[in-house]
Amino acid sequence: MRSILKIVLQRLGLGLVTLFVVSIVIFVAVNSLPGDFAEAILGQGATPESVATIRRDLGLDQPLVVRYFDWLKGMLTFDLGTSFAQLNFANFGGAGSVTVAEQIAPRLSNTMFLATVTACIAVPLAVFLGILAALYRNTAFDKAANMFTLSSISSPEFFMAYVLILFLAVLNPVFPSLSNIFEGMPFGERLEKSMLPALTLTLVVTAHMMRMTRAAIINLLASPYIEMARLKGLSPMRVIVKHALPNALAPIINVVALNLAYLITGVVVVEVVFVYPGIGQLFVDSVKIRDIPVVQACCLIFAAAYILLNLTADILSIVSNPRLRHPK
Amino acid sequence: MSNLLTIKGLKIEGRSDETWNPIINGVDLTLKKGEVLGLIGESGAGKSTIGLAAMGYTRDGVRISEGTVEFDGIDLVKASAAVKRGLLGKRIAYVAQSAAASFNPAHKLMDQHTEGPVQHGVDSRAASTEDGIELYRKLRLPNPDQIGFRYPHQVSGGQLQRAMTAMAMSCRPDLIIFDEPTTALDVTTQIEVLASIREIVEEFDTAAIYITHDLAVVAQMADNIKVLLRGDEVEEADTRTMLSDPKEDYTKSLWAVREFQRPAKPAVPEGSVPVVSVRGITAAYGKTDVLHDVSFDIHAGRTVAVVGESGSGKSTAARCITGLLPPRMGEIAFDGEVLPADYRKRTKDQLRQAQMIYQMADTALNPRKTIGQIIGRPVQFYGGLTGAKRRKRVNELLDQIELEPSQYYNRLPSELSGGQKQRIGIARALAAEPKFIICDEVTSALDQLVAEGILRLLADLQDNLGLSYMFITHDLATVKSIADEVVVMKEGKVIEQGEKTDMFTPPHHAYTDLLLSSVPEMDPDWLTNLLEERGVDNIGDAAVDKM
């Protein structure tokens, strides 16, 4: 048990180092985007004087290194800064200004909600299908499952979204086609409104997880202990679920984590199609108007989500290995 | 009395390159209740395939094409999967070669033990657990009350093998297939497992098919012996007849392998400088010392066998000599000259002097290079020969290892048999024109007849070229046939060393004695006598632990 704790702490430390490096990359990358907030907002009326004034007010005239450490200090104290786009220039930083945190928080929680709903459908479905595909490998079922999940992952997300809208909203009005959820909406209604985007995303992420589950299990079927299980006269289902699956967990967990990370960070298209107010849309909008504090904060949240999920996957894979759980 | 198992005209085919090729060409076999049949033959003889077919099971890419396997009136070839599942584990059980690989690493031993009885509805989980503990006690596992609640990786190989025998017994089957159950074990551990298996099979009057390539082992275990060669039966007889009076030439040749013995060489002249001198080396992996103050000399034209169980430090000593693992203390001298500890600091000529031949010729040869390239590389690197000269030298080397150059020069390792691959390994070592060769378990992966050929070749090369060998092995029969001197190692220390003739005549160090007396002999009464001599609780590991 002690060694696991040590490994977890090590990974956690490494995760923090990675996050620090990523923060530098984000900052440098965002700040080397062409164009400039002051010029973008002033448009036609951008005289050199007014641009300089706004840049000075926002601290954009400071050297990059100074700005980076200011930003980092803010991040460490959970002060994500003030959104440029919502600034009240008459009363800078005071009443009327919206902080980045205020802007991101509701969007992030919406995204998390959608990701959770999707994961609750997709992960059990993928693992179950993967087990069945391994059990009935090379049969018609296996091929059909493979073909269906592969074609759903190969089609563009918006296409799958429109297909679902057509069948589940237009032809058979089961779910609403617009997911305009808002704060304070009752859970049931919220769930109903999120159903179509969640199903679309399910179609997108299931293939990976299912195929990895199938491959990881089949990979083990040639092991001597699987042969032994068969020679004990166990049923094929028991051989796979009881003897192969526990040893195949590590790769499966890793693919699940990658797909969950995708659900948090990469769902802009689905959000746009269903008008779902998630963090993806906010991110894209902020890039358009060069709202640097929001872009940076989103990037950092995405990076943290990736690192955290991978870390969790690592830890779970380690814990799933009896050699580490029960040292000699 | 009717037969429990009757196999008639069994033909089995294996799939390779889209065609089905015969593996077993019509074998008959009968087994009565409580009878033990030994199946013996070299690798590729089809022993395991027959053993599995006796359970109505074939591996992927293998099929039963003809014949019947009748177990208690049921033809397992025609039976449905469900019928077979009802028999497997319950009435027919299997004990695999490597228990470490055949226990599921994710579950505790006891959970795997009780799985059969519970799934077959033979016994409740609680009752089966209790029975498991009882079986562990009968098989003399240490801590029988607790050992079942450990995971496989927490238990040693010999203990796992016994736990697997217990698992096979869990439903009290009528028939158990033992597939080389002691091949992967050290001699002292092997004895314990053999004794346990024999006892329990006798107690429950279980019939068994005992598959092995080791004659002496099968002599202890079986009532009858069937000899197989490339999928055909050579002959079958009861154990005593088979040992004393084999009919077929092939069987006789198998029996004769054990008789190869080199004549003793003259003693080393006083004051001569040894080719290799290992002086008080202590070496460590990480912070743990695995060698403690090891010293021995190897003289010109002589073979020093380094003997010990796995983990005794034999191979580590070899790594120190070659400079792969610089020792923490002590030094290595060649012809009286002390060498740098790290191979990277040695000159090309110093490197040339010591070559190695490996246990697994399969993995020691680059599968993508032809034989000509594999042997040509050291010829060029050490001898500086290129073009036609290099080719000529490679041909000479192939002649020396008795492989026709024109036939083998352009082949890939995958086109050679195991013994031929090992010969290429020898040629590659010779290419450097060394004085000294380390042979690391070079025959342990080979069948007895092939191994004997390799030993004879090494002996001839030594006579012709005056080579010195350090021969690492755990097989005392090999030591007997080829060594001049013996170094016995245990837990990283040299326990005893001296001339072979002295080592094989008493009195020895207690551990050497234990090793020597643990090597199975061809006498069917050997195990019985040994157990009587040592006492039931004082065999194998138990005896080692008491030292």
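Chain B first. In this predicted model, chain B is divided into two domains: domain 1 covers 3–256 and domain 2 covers 276–505. Their C-alpha centres lie 36 Å apart. Where they touch, domain 1 of chain B supplies seven residues and domain 2 of chain B supplies six residues. On the domain 1 side of that contact, one residue is nonpolar, four are polar and two are charged.

Staying in chain B, look at helix α18, residues 448–465. Helix α18 has 18 residues and reaches 25 Å from its first C-alpha to its last, close to the 26 Å expected at 1.5 Å a residue. Which residues of α18(B) are buried? They are B:Q448, B:V450, B:A451, B:E452, B:G453, B:I454, B:L455, B:L458 and B:Q462. Just after α18(B) comes B:G466, with a positive phi of about 65°.

Now chain A. An unreviewed UniProt entry lists residues 108–313 of chain A as "domain: ABC transmembrane type-1". In the model, that span is 82% helix and 0% strand, and its end C-alpha atoms lie 22 Å apart.

Last, the contact between the two chains. Chain A puts in 15 residues and chain B puts in 24 residues. On the chain A side, the elements giving two or more residues are α9 (224–231), α10 (236–265) and α14 (322–325). Which of them gives the largest share? That is α9(A), with four residues. By type, the chain A side divides into seven nonpolar, five polar and three charged residues.

Conventions:
Residues numbered from 1 in each chain as written. Chains lettered and ligands numbered in written order. Predicted model: local features only at pLDDT ≥ 70, side-chain atom pairs only at ≥ 80, totals over all residues. UniProt positions renumbered as here; feature names shortened; annotations may be inferred. Domains from an automatic or database assignment. Nonpolar A, V, L, I, M, F, W, Y, C, P; charged D, E, K, R; others polar. Expected span 1.5 Å × (residues − 1). Buried ≥ 20, exposed ≤ 12 C-beta atoms within 10 Å, placed from the backbone.
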